[in-house]
Amino acid sequence: MPTYYLYKKIITGMPTLRLELTTPPTDDNRPVFVSGNFCQWFPDVERFRMRLIRPGKYELELPSDLTARAPLEYKYTRGSWDSVELDQSGEAVPNRISRRQTGTRRDVVPHWRWYGLPFNPAFLPKVSLVSDAFEMPQLNRNRRIRVLLPYDYDASDTRYPVLYLNDGQNLFGEGSAFGNWTIDQKLAVLAHRHHRKLIIVAVDHGESERIAEFLPYNTRLADGQGRPFLDFIVHTLKPHIDAQYRTLPERSHTGMGGSSMGGLISVYAGLLHPATFGRLMIFSPSLWAAPKVYSDALRFSYHEPTKVYLYGGKQESKYMVPAIQRLQESLLRKGHKQPQIHLSVDPRGKHNENRWGREFPQAVEWLFF
């Protein structure tokens, strides 16, 4: 359709479909386009360039004869498929579908591809090695500890919340044989929104000692070393981190998280040390390994609010989702200050690092921001 005819239909008041787009306002000044089955999926057709209303707010009107082809399929771009819309985790999204021909449709784009990458490399965190062999006096062994600092850490005097994460080998960089959360890339996605910054303390697991360190009690699996492990985090590692980096040390700004067995010990971090950890990121916890967790959770009570992000996938096992639901019910059963819990159930979620990495950004935003 000729451009003049498109605008004639809009100006003369003929029926149109109005697209309103909201996206986090950033320093990204690239224009926004709508591409779809009405323009052969070209990503930068000028007549489908959206009008900037105010920072983070765009609009475009499509004439009804263009939208009459049901269903309407479309996506938002910033001028190329190397700059297409992404979800809040920096992952690809399916085509948007609308069967409306007139009226207003409101959409949100939380993030954009950056010239072919799912993140802007300028926002990657600064990785700092605390020690290759940090002493753990409670367990009479050593451990590699690394921190991920906001990309602009050295350019400011800002203090940041802190999240301690277990299984540091699986979180970023080369990862491990089990996979990689790619939290460095996810933190770059969050940092693009300017106010989603925190310090991550990555604590490597103990290889052959991993199961024992993440068990709070003696079980058929191992003699539990979870309590001295948590004592190490609380009484040795955290004081060192707070002294060396610009942290917000209060419990309301301090979290612990992990997945599988690392998720189990993170539950106990909140139960045993509520004065230290006010934020818990619990992904696919191995609750089966310590069934006493439910009775311990029933007794949990603390005078200040605690936030708990619980995630589980239906494809992990038939027990995972019922187990985290039972944990949620146990935590909410008693206490004059009940924890605030977000339960995230993924119908297609499997027990792997890739899925935990996808969940990581929204868990961080809910827990800390």
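**Figure 1. Helix 5 and helix 6 are roughly perpendicular to each other.** In this predicted model, local features need pLDDT of at least 70, side-chain atom pairs count only at pLDDT 80 or more, and totals for chains, interfaces and linings use all residues. Residues are numbered from 1 along each chain as its sequence is written, and side-chain values use heavy atoms, with hydrogens and water left out. Helix 5 covers residues 226-244 and helix 6 covers residues 261-272; helices (H or I, at least four residues) and strands (E, at least two) are DSSP runs numbered from the N terminus. The two helices pack at an angle of about 70°, and their axes lie 10 Å apart. Axes are lines fitted to C-alpha atoms, for helices over the stretch in contact, and angles run from 0 to 180 degrees between N-to-C directions. Helix 5 passes helix 6 in a right-handed crossing (near helix turned clockwise from the far one by less than a right angle; anticlockwise is left-handed).

**Figure 2. Helix 3 packs against helix 9.** The axes of helix 3 (residues 183-191) and helix 9 (residues 353-368) are 9 Å apart, and the angle of packing is about 40°. Helix 3 is therefore oblique to helix 9 (under 35 degrees is roughly parallel, over 145 roughly antiparallel, 65 to 115 roughly perpendicular, and the rest oblique). The crossing in which helix 3 passes helix 9 is right-handed.

Figure 3. Arg18 stands opposite Glu61 in strand 4.

**Figure 4. Strand 3 and strand 4 form a hairpin.** Strand 3 (residues 51-54) and strand 4 (residues 57-63) run antiparallel and are joined by three bridges. Leu52 has Tyr58 opposite it in strand 4. Two residues lie between the strands of this hairpin, and Gly56 takes a positive phi near 80°.

Figure 5. Strand 12 (residues 162-165) and strand 14 (residues 254-259) run parallel, with four bridges joining them. Val162 has Thr254 in strand 14 as its bridge partner.

**Figure 6. A hairpin is formed by strand 10 and strand 11.** Eight bridges pair strand 10 (residues 126-136) with strand 11 (residues 141-149) in the antiparallel sense. The bridge partner of Phe134 in strand 11 is Arg143. Four residues separate the strands of the hairpin, and in the turn Asn140 has a positive phi of about 55°.

**Figure 7. The largest pocket has a volume of about 260 Å³.** On a 1 Å grid over the protein atoms alone, a pocket is an open set of points with protein on both sides within 12 Å along at least five of seven lines, a cavity is a set where a 1.4 Å probe fits but cannot get out, and lining residues have an atom within 4 Å of a point. Asp87, Gln88, Ser89, Asp346, Arg348, Gly349, Arg355, Arg358 and Gln362 line the largest pocket. Helix 9 gives the most to this lining, with three residues. The lining holds no nonpolar, four polar and five charged residues (nonpolar: Ala, Val, Leu, Ile, Met, Phe, Trp, Tyr, Cys and Pro; charged: Asp, Glu, Lys and Arg; polar: the others, Gly among them).

**Figure 8. The largest cavity holds about 100 Å³ of space.** Volume here is the space filled by probe spheres set on the points, with grid points joined across faces, edges and corners. The structure has three cavities of 30 Å³ or more. The lining of the largest cavity includes Thr23, Asp28, Arg78, Trp112, Trp114 and His192. Its residues divide into four nonpolar, four polar and four charged.

How values were computed: Pairing = 2+ DSSP bridges.
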